[in-house]
Amino acid sequence: MSQVNEPIRVRYAPSPTGALHLGGARTALFNYLFARQKGGQFLLRIEDTDRARLKPGSQEQIEEGLQWLRMTWDETPLIQSERQPIYQQAADDLLESGAAYRCFCTPERLAQMRAEQRARHEPERYDRRCRAIPREESDRRAAAGERYVVRQAMPTQGTTTLQDLVMGTVTFRNDTLDDHVLLKSDGFPTYHLAFAVDDHAMRISHVIRGDGWLPSAPKHLLLFQAFNWLPPAFAHVPLVLGPDKKPLAKRHGAKDVLEYREAGYLPEAVDNFIAFLGWSPGTDQDLFTMEQLIAAFDLTKIQASPAVANLERLDWLNGQFIRRLSPDELAARIAPKMPTVPVQTLAPLMPLVQERLRTLNDAPEMLRFFFEEPDGYRPEQLIPKGRDAATTATALTTAATTLGSLTDWAHGVAGRRHRPNGDATADRVDQQARKGHGPGATRTRRAQARRAGLEASRRERPVAPADPGHDVRARDRAELPRVGAGGGIVTRKDDRAAVVDRGDALDDFQLGSIGAARDHHVADSQARARVDRSGNHQRAGW
RNA sequence: GCCCCCAUCGUCUAGCGGCUAGGACGUGGCCCUUUCAAGGCCAAAACGGCGGUUCGAUUCCGCCUGGGGGUACCA
């Protein structure tokens with residue numbers, strides 16, 4: 001079915017009716033990976049034969065999405081609306097050979113016909129009335145200016161079998177095939193005609209497309225046959241569903257892959273994520289560079305069942321990729337998210353956040369205390385549980401004095417000082433699940449918030465809702481200006497500082513929220529953030 | 001209604017007649033830890049149902065059920 005020794009040429013053929021969504025991006029990626037692995041071409045075709053649904057700017061949007069995801073195409077995209085005469089000619093050829101015929105039925109008659117078929121519980125398809133019109137009469141009526149469409153004349157018996165690279169062998173009975181329209185009365189081709197004509201013209205070797213096309217695949221095969229053309233190989237990939245098991249691209253999640261860019265996702269993570277929607281290399285490796293994806297990709301390993309997009313996995317992947325960036329690279333990626341901060345200022349700060357980021361958009365909030373005055377505390381917020389105002393004031397004053405005397409604020413990369421991983425032995429003991437709160441719950445709330453933010457296409461994550469009566473500290477964290485998020489990374493430089501932050505009154509405190517300490521920080525962010533880069537931050541390649 | 005596709009943990013998946021059914025995300029616990037993370041260890045969690053074929057079925061076949069898609073002068 002596929003050509004022997006023909007060069008590999010594939011295409012992604014969106015219709016410009018909107019943005020590039022995750023499912024479309026995946027179809028494009030599968031095409032792209034296949035082409036690059038085989039040393040073939042990856043082409044673009046704009047299917048804009050439906051003038052009614054066309055959306056201006058959509059093509060640019062789709063192209064930008066593809067570019068962001070690092071999919072580059074070869075050759076100039078083919079625009080179907082510019083090729084009308086070619087389709088006309090193709091339809092004429094089919095008319096001539098008897099593989100198609102003119103249909104003069106009005107939309108009203110067709111509607112009535114279908115209504116009757118439905119009432120009789122019969123399959124709804126064209127009753128082929130016009131197929132019986134003699135050629136001469138057909139020509140005469142057309143010449144007289146009567147409106148018509150061109151329909152494909154399907155064989156009435158036998159079967160058509162498709163060898164699909166993903167779905168396997170699929171057989172259709174020809175008598176169930178509809179004489180569908182090839183050329184509309186406005187002179188534009190339908191998808192079916194344009195598809196066959198263009199894939200032939202573009203010398204496409206493999207058609208990798210959504211499995212929504214599977215039911216019409218036999219018609220397409222028959223069409224190639226009618227033209228006496230060698231058909232391409234087919235691979236119908238199952239669609240991507242949203243969390244509600246409904247096809248993606250409709251109501252939920254980001255409709256446009258570019259929204260993922262806005263939400264702070266790395267293109268490499270998104271590529272990795274969508275590649276694994278319905279495909280798996282069959283190994284345990286789950287982090288892949290584009291090059292590795294190209295090397296590992298295998299059309300025949302694509303799952304035949306639809307995949308549900310698990311956005312939590314994308315969050316995790318994104319964190320993994322962020323951690324693998326060099327600090328400079330990370331700073332460059334974060335820079336657009338913090339337009340008021342020069343990238344050189346950002347760079348030394350990266351080790352403070354690199355281990356904790358899940359999206360780039362988390363960075364401004366984590367780094368905020370470097371650049372902003374606190375927006376004010378209510379005194380009661382500063383008093384830890386079990387303390388009173390007086391002892392708290394004393395502690396804060398002591399902290400301010402001690403920290404204020406420090407001159408060197410080198411950072412030890414908190415949490416990374418030779419800290420052997422503990423081995424947990426007494427594990428299986430007492431695994432009572434504490435539902436509703438605890439660290440896990442906090443994480444879940446965050447993930448939900450992140451997604452909520454994505455849905456709303458907002459940059460800012462809404463503050464996690466308080467959980468009254470349960471985890472007081474978690475609640476406080478949510479309510480306080482989130483300076484505390486940076487608190488822990490406030491530095492400690494030597495034992496002295498350590499003594500201070502262990503000070504009696506401070507043990508339940510987030511050091512970073514201490515204004516005096518913060519002030520000191522703000523005084524000289526550069527010097528202060530001389531970061532220990534010897535840590536675990538060089539992770540080139542994996 | 002008719003046609004087509006699909007069916008392993010909540011999710012993505014490995015499996016291609018004999019496996020303690022493996023991995024990942026997420027979840028829970030422990031460890032590490034001044035916070036949040038990250039990391040390490042551990043745990044709970046799946047072959048939709050019924051019939052066949054076979055010495056033996058998650059795996060092959062059929063039916064059912066359940067999803068999904070198509071059924072336009074949309075792509």
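Thr-171 touches Thr-159, Thr-160 and Thr-161, leaving aside residues up to four places away in sequence. In this predicted model, Thr-171 belongs to strand 7, which covers residues 168-173. Thr-171 counts as partly exposed, because its relative accessibility is 49%.

Leu-162 sits in strand 6, residues 159-164. With a relative accessibility of 0%, Leu-162 counts as buried. Its contacts, apart from neighbours within four places in sequence, are Gly-168, Thr-169, Val-170, Leu-214, Ala-217, Leu-221, Phe-234 and His-236. Pro-218 is 56 residues from Leu-162 in sequence, yet the two C-alpha atoms are 6.9 Å apart in space.

The chain as a whole can now be set out. Chain A contains 23 helices and 12 strands. Of its 542 residues, 47% are buried. Among contacts in chain A with a separation of 6 or more, 78% join residues 24 or more positions apart.

Leu-43 is part of strand 2, residues 41-46. Its relative accessible area is 2%, so Leu-43 is buried. Beyond four places in sequence, Leu-43 touches Arg-9, Val-10, Arg-11, Tyr-12, Asp-74, Glu-75, Met-202 and Ile-204. Met-202 lies 159 residues from Leu-43 along the chain, and their C-alpha atoms are separated by 8.7 Å.

Helix packing was examined next. Helix 9 spans residues 267-275 and helix 11 spans residues 311-324. The axes of helix 9 and helix 11 are 9 Å apart, and the packing angle is about 135°. Helix 9 is therefore oblique to helix 11. The crossing of helix 9 past helix 11 is right-handed. On the helix 9 side, the contact is made by Glu-268, Ala-269, Val-270, Asn-272 and Phe-273. These meet Leu-311, Arg-313, Leu-314, Leu-317, Asn-318 and Phe-321 of helix 11. By class, the residues in the contact of helix 9 with helix 11 are 7 nonpolar, 2 polar and 2 charged.

Helix 9 also packs with helix 1, residues 22-37. The axes of helix 1 and helix 9 come within 9 Å and cross at roughly 85°. Helix 1 is therefore roughly perpendicular to helix 9. Helix 1 contributes Leu-22, Ala-25, Arg-26, Leu-29 and Phe-30. Helix 9 contributes Val-270, Asp-271, Phe-273, Ile-274 and Ala-275. The contact of helix 1 with helix 9 comprises 8 nonpolar and 2 charged residues, with no polar ones. Val-270 and Phe-273 are named in the contact with helix 11, and Val-270 and Phe-273 are named again in the contact with helix 1.

Helix 15 shows burial at the level of a whole element. The buried residues of helix 15 are Asp-362, Ala-363, Met-366, Leu-367, Arg-368, Phe-369 and Phe-370. Gln-354 is located in the loop between helix 14 (350-353) and helix 15 (362-371). Gln-354 counts as buried, because its relative accessibility is 0%. A polar atom of the Gln-354 side chain lies 2.7 Å from the backbone oxygen of Leu-325.

Most residues other than glycine have a negative phi. His-121, which is not a glycine, has a positive phi of about 55°. His-121 occupies the loop between helix 4 (107-119) and helix 5 (135-143). With a relative accessible area of 74%, His-121 is exposed. Arg-203 has a phi near 55°, again a positive value in a residue other than glycine. Arg-203 is placed in the loop between helix 6 (191-201) and strand 9 (206-210).

Definitions and conventions: Residues numbered from 1 in each chain as written. Chains lettered and ligands numbered in written order. Predicted model: local features only at pLDDT ≥ 70, side-chain atom pairs only at ≥ 80, totals over all residues. Heavy atoms only, no water. Axes fitted to C-alpha atoms, helices over the stretch in contact; angles between N-to-C directions. Helix = DSSP H or I, 4+ residues; strand = E, 2+ residues; numbered from the N terminus. Parallel < 35°, antiparallel > 145°, perpendicular 65-115°, else oblique. Left-handed = near helix turned anticlockwise from the far one by under 90°. Contact = heavy atoms within 4.5 Å. Nonpolar A, V, L, I, M, F, W, Y, C, P; charged D, E, K, R; others polar. Buried < 20%, exposed > 50% of the residue type's maximum accessible area, 1.4 Å probe, protein only. Polar contact = N/O pair within 3.5 Å; in protein donor to acceptor, adjacent residues only side chain to side chain.
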